[in-house]
Amino acid sequence: MSSMNRITDARDQLCIDTIRTLAMDAVQAANSGHPGTPMALAPVAYWLWNRYLRFDPNDPIWPNRDRFVLSVGHASMLLYALLHLSGVQAVNRQDERLGHPAVTLDDIKRFRQIDSQCPGHPEYRWTSGVETTTGPLGQGVATSVGMAIAQRWIAAYFNRPGFELFAYHVYALYGDGCMMEGVSGEAASLAGHLKLSNLCWIYDNNHITIEGHTD
Ligand SMILES: Cc1ncc(C[n+]2csc(CCOP(=O)(O)OP(=O)(O)O)c2C)c(N)n1
């Protein structure tokens, strides 16, 4: 994780700042939504997606892809900016390729509008590349535990020596609000009990929520 704290070159910084400006412009245009969290988490998400997450933007339903869960669903612009900038392609609900990006700049301009590809909170099977619906705090981290259990199960069932078909990891980004929900504590307990080393939770310990300081 130490390399996540290092900004190594100007292009990395430009990418991070572009995520931030997309988020602030979209929220400003919609006149609603959360700009601060995507701006704060842009470096973490950039490094995670750029250096650690194994996925193919051209094949968003590759079965062995790493799964990313934005448990802070109110920071949805972070995810839409990542999908846009990494060029993730769209598929429909039958998983057929549509031949266009999942999130275009025009989609981002329609953030939080009726029928937009970029609704206020990420919706599974509405925007390609969104792995699970989030928004109710705590739900994403709990779902991520289920996803990690599922990986363990299909790996045990399908993998053979020399043919490791399923070896993916599940990453979840969560905050104070997620931790305030009981479901996250129960999910964490289960993850520990099952020793789910394929699961990585990244905690945005920023000491602040909508109501003020976490103290
Ligand atoms: C279960 C639930 N209760 C309330 C909300 C409304 N809500 C959205 S964001 C937020 C605060 C989240 O705080 P934190 O996780 O610290 O995120 P940050 O303030 O850092 O963006 C709340 C209460 C929600 N999304 N889900």
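The stops below concern a predicted model.

**Cysteines**

C118 is buried, because its relative accessibility is 0%.

Next, select C178 together with C200. Here the separation from C178 to its closest cysteine sulfur, in C200, is 14 Å, again too far for a bond. C178 also has 0% relative accessibility and therefore counts as buried. Across the whole structure, the search returns 0 disulfides.

**Charged pairs**

Select D17 and R20 in helix 1, which spans residues 10-30; the two are 3 residues apart, about one turn of the helix. Their side chains form a salt bridge with an N to O distance of 3.3 Å. D17 is partly exposed at 31% relative accessibility, and R20 is partly exposed at 23%.

Move on to D59 and R97, whose side chains meet in a salt bridge at 2.8 Å, N to O. D59 sits in the loop between helix 2 (36-52) and strand 1 (67-70), while R97 belongs to strand 3 (residues 97-101), so the pair ties together parts 38 residues apart in sequence. R97 is exposed, with a relative accessible area of 53%.

Finally, select E131 and R65, a salt bridge in which the closest N and O atoms are 2.7 Å apart. E131 lies in the loop between helix 4 (105-109) and helix 5 (139-158), and R65 in the loop between helix 2 and strand 1; the pair links distant parts of the chain, 66 residues apart. Both E131 and R65 are buried.

How values were computed:
Residues are numbered from 1 along each chain as its sequence is written. This is a predicted model: local features need pLDDT of at least 70, side-chain atom pairs count only at pLDDT 80 or more; totals for chains, interfaces and linings use all residues. Side-chain values use heavy atoms; hydrogens and water are left out. A disulfide is a pair of cysteine sulfur atoms within 2.5 Å. Buried means under 20% relative accessible area, exposed over 50%, partly exposed in between (1.4 Å probe, protein chains only). A salt bridge is a side-chain nitrogen of Lys or Arg within 4 Å of a carboxyl oxygen of Asp or Glu. Helices (H or I, at least four residues) and strands (E, at least two) are DSSP runs, numbered from the N terminus.
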